[in-house]
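Welcome, and thanks for taking a look at this protein with us. Please have the sequence and the model open side by side as you read.

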Amino acid sequence: MLSVGSNLGDRLAHLQSVVDALGADVVGVSPVYQTAPWGPVPQPDFFNAVVVADGCEPREWLAMAHRLEQSAQRVRTERWGPRTLDVDVISCRQAATGTEILSDDPDLTLPHPRAHQRAFVLVPWLALDPGAELTVAGRVRPVSDLLAGLDAAEREGVRRVDDALTGPVT
């Protein structure tokens, strides 16, 4: 599962570029949400969404995320700064069993170590998959419970927009 965000340029087009690049591997796409930036850097609001896709191993997803960001001319100048496109690998599952893959590798920690703290990830994920679960501190937790545990202002700051991403035509 990938979380995608953009707050520079044509935000919707940047998010759509991810769905288009993944093509037939896309299983589902969440609605688009507008959120205030997370972190200390003043900047425009983000558009955020979640994309569920099959077909790659975790390291392949990470490489794909980096390629997509580069294609959108993302420049990494400061942590939590504005960006044309941010693609985070949130969670991966084994194709055969559906079991969540756990990794503490510093290059790719799975699940994403801060996903459970970010309403801009949890809200779109729940809209796409109301039964979603995420392992946090070694325990499988319903994403709905993780979201409920966040500050109300954090949850309310994730606002659905009328713009939508389109998945592949099958």
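This report looks at one tryptophan, an annotated segment and the nonpolar cores.

Please keep in mind that the model is predicted.

Let us begin with W80, which sits in the loop connecting helix 2 (58-71) to strand 5 (86-89). Its relative accessible area is 27%, so W80 counts as partly exposed, given that the range for this class runs between 20% and 50%. Once neighbours within four places in sequence are set aside, W80 has contacts with W38, G39, P40, V41, Q43 and R118.

The UniProt record, an unreviewed entry, lists residues 79-90 for "domain: 7,8-dihydro-6-hydroxymethylpterin-pyrophosphokinase". In the model, this span is 33% strand and 0% helix, and its end C-alpha atoms are 18 Å apart.

Now to the cores. The table sets two of them next to each other.

| Core | Size | Some members |
|---|---|---|
| Largest nonpolar core | 27 residues | L15, L22, V87 |
| Another core, apart from it | 20 residues | Y33, F120, V143, L146 |

In the largest nonpolar core, L15, L22 and V87 touch the most other members. Elements giving two or more residues to this core include strand 1 (2-6), helix 1 (11-22) and strand 4 (46-53). Helix 2 contributes the most, with 5 residues.

What does V87 touch, beyond residues up to four places away in sequence? Its partners are L2, S3, V4, V18, A65, L68 and E69.

Conventions
Residues numbered from 1 in each chain as written. Predicted model: local features only at pLDDT ≥ 70, side-chain atom pairs only at ≥ 80, totals over all residues. Heavy atoms only, no water. Helix = DSSP H or I, 4+ residues; strand = E, 2+ residues; numbered from the N terminus. Buried < 20%, exposed > 50% of the residue type's maximum accessible area, 1.4 Å probe, protein only. Contact = heavy atoms within 4.5 Å. UniProt positions renumbered as here; feature names shortened; annotations may be inferred. Core = buried A, V, L, I, M, F, W, Y, C linked by side-chain atoms within 4.5 Å.
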